[in-house]
Amino acid sequence: MKYATGCSVVLAAIFFSFLQSCNQKKSINNSAEVTHWQPYDDSIEVAANAEHENPRMRYKLIQSKVLDKNDVFNPLYEEVDKLASTRYEALKPMILEQDIPSIQASIKEGKFTYEELVLFYLYRIYKYELDNSTTLNTVIALNKEVLEQARNLKPNADGEHPIYGMPILLKDNIGFKGLPTTAGAIALKENFAGDAFIVKQLKEKGALILGKVNLSEWAYFFCDGCPVGYSAIGGQTLNPYGRRIFETGGSSAGSGTAIAAGYAVAAVGTETSGSILSPSSQNSVVGLKPTIGVLSRTGIVPISSTLDTPGPMTRNVTDNGIVLSAMMGYDAKDSKAKEIVFSETQVLETEAAPLQNLRIGAITALINQDSIYAARIEQLKSAGAKIIQITPPEVQLNGFLSILNIDMKHDLPAYIMAEVSTKDAVTIKNVEDVVAFNREDTLVRMPYGQARLEGILVDSTTTEALDDIKLNLQQEARRYFDTSLDGQDLDAILSINNYHAGYAAVAKYPALTLPMGYKTSGEPIGLTLIGQPLSEPQLLTIAKTLEAFMQARLLPKAYRD
């Protein structure tokens, strides 16, 4: 990155004060001693949020107390610095906001290489994440081999899966060999596990794993009422549409913010209840929570083996289907894996349909409650879509928390036993150990407490009672949706953001959110489709149709340069 000053820097403001001159910075050639980022005093920013109208945004800290960004960014800095700003600007219209087929077509035509594609995204990451005025605290680890891996890819990808050569970011509860898998927790800081099953699938098809992104610690099953997007490892993730103004959504906060800002082609998130839908909606990206069992959970730090699933987070619906198909595959180690689902081809070949072919349900209460949702419904009606107003039946989701409590009590020890290869460094074996570990240094390890983990230890729900809870919740949640889906012969139900994520979770129904628009404040809002099990191809078709009609997504203003 070459600037007119002659100083080799990623961005002028890598220090707290913009007034520090270039000659105070060390040369890029001074190896390990180079400091490209310095921690700053975030107390002013913390104080500025002290009276935020949203209590969850009244931060105690923004920077991580344990992560040195130089450890993350120094190893690849010299190579990234060689990309001239003029070349970056030339690449921008061919890559930024383009879908995967367009990017692949440009590479095939010789306009740029897979290596330059990776460099483009790294350039953006370094440009914004090393500047304390624009950092989103989202990228917390980089694959040091990614550029070499990109160089070795053949230039013509004919016959390859569309994911071939595409740089992907992973939520840091998903295993990737060579980088720690922390779930944002200091207790797992030295957890070097192998590739998760879905990562193996991505790599086998030629995808490039760019690195890891921040998340709500323990996938937001940690503290109660605390900021979403916070982890002890990564600090506070911030929303590119309004840093410290809007929530990032959680728990896949880093996945959502990184894709919104243009840091990779796609990211992978995970959801138990709303953890893909929420950050996707809050960051104006497309997020899919698949039917439980479509994608493997092996190698992912768990909350609940009943409800957990990974899913793709992308800037458009086409890419979402591509990433979903690349991760698919039957995993015998996953107790919920489905042997028969839809095919990769069904997902890859979905196309937008005429609006007149859609028959979708709009929830009357949401029409009365949200003006953007109401306006979109009217627009769709006027354009010919068959919109049926529905009022789902009243149902209770009693016992939901016990599913998470009891599952995590059993699933976390099983994960540690099966996946953690560095057991000498990772001393915890169960939730009780995590709670005790955090109490040894509350300010660093649990500044917002650990109420949800402590709740696990006191939940005495029996196995028999839990089975009854799971069955009852699934039946009630399916009644909530099926009364309209079956009774009105609907293709899908339209919701907002993660409003009905809990119902979809216990029903084990897929849900897909896509950008619907922006509030007057500039905060993004998502339109969420919910369908019956294994209706992903249909949801993708509907989403492509709605995406083409609404054309709602806008790149965050501060991340357009």
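This is a predicted model: local features need pLDDT of at least 70, side-chain atom pairs count only at pLDDT 80 or more; totals for chains, interfaces and linings use all residues.
**Overall form**

The protein contains 20 helices and 13 strands. Its radius of gyration is 23 Å, close to the 24 Å that the globule rule gives for 561 residues, so the protein is as compact as a globular protein of that length. Along the principal axes, the C-alpha atoms occupy a box of roughly 70 × 55 × 50 Å. Of the 561 residues, 62% are buried.

In soluble globular proteins, nonpolar side chains tend to be buried together. In this model, the largest nonpolar core has 182 residues, and Trp218, Tyr373 and Leu546 have the most contacts inside it. Helix H5, which spans residues 114-129, gives the most to this core, with 11 residues.

The surroundings of Tyr373 can be described individually. When neighbours within four places in sequence are left aside, Tyr373 is in contact with Gly361, Ala362, Ile363, Leu366 and Ile367, and also with Leu494, Ser495, Ile496, Met516 and Leu527.

**Pockets and cavities**

Rolling a probe the size of a water molecule over the atoms shows where empty space is left. A search of the whole structure finds 6 cavities of 30 Å³ or more.

| Space | Volume | Lining residues by class |
|---|---|---|
| Largest pocket | about 760 Å³ | 14 nonpolar, 15 polar, 7 charged |
| Second largest pocket | about 530 Å³ | 11 nonpolar, 3 polar, 8 charged |
| Largest cavity | about 100 Å³ | 6 nonpolar, 6 polar, 4 charged |
| Second largest cavity | about 60 Å³ | 2 nonpolar, 4 polar, 1 charged |

The largest pocket is lined by 36 residues, and those nearest its centre are Arg56, Val228, Gly250, Ser278 and Asn498. Helix H9 (277-282), helix H14 (400-419) and helix H19 (501-507) are the elements that give two or more residues to this lining. Of these, H14 gives the most, with 3 residues.

The second largest pocket has a volume of about 530 Å³. Its lining comprises 22 residues, of which Asp71, Ile140, Ala141, Leu179 and Pro180 are the closest to the centre. Two or more residues of the lining come from each of helix H2 (69-81) and strand S1 (139-142). Strand S1 supplies the largest share, 3 residues.

Turning to the cavities, the largest is lined by 16 residues, and Asn173, Thr270, Glu271, Thr272 and Asp308 lie nearest its centre. The elements that give two or more residues to the lining of this cavity are strand S6 (266-271) and strand S8 (309-314).

The second largest cavity is lined by Trp37, Gln63, Ser64, Leu67, Lys69, Asn137 and Gly234. By class, this lining has 2 nonpolar, 4 polar and 1 charged residues.

Technical notes. Residues are numbered from 1 along each chain as its sequence is written. Side-chain values use heavy atoms; hydrogens and water are left out. On a 1 Å grid over the protein atoms alone, a cavity is a set of points where a 1.4 Å probe fits but cannot get out, and a pocket is an open set with protein on both sides within 12 Å along at least five of seven lines; lining residues have an atom within 4 Å of a point. Grid points are joined across faces, edges and corners, and a volume is the space filled by probe spheres set on the points. Helices (H or I, at least four residues) and strands (E, at least two) are DSSP runs, numbered from the N terminus. Ala, Val, Leu, Ile, Met, Phe, Trp, Tyr, Cys and Pro count as nonpolar, Asp, Glu, Lys and Arg as charged, and the others, Gly among them, as polar. A nonpolar core is a set of buried Ala, Val, Leu, Ile, Met, Phe, Trp, Tyr and Cys residues joined through side-chain atoms within 4.5 Å. Buried means under 20% relative accessible area, exposed over 50%, partly exposed in between (1.4 Å probe, protein chains only). Contact means heavy atoms within 4.5 Å. The radius of gyration is taken over C-alpha atoms; the globule rule is 2.2 Å times the number of residues to the power 0.38.
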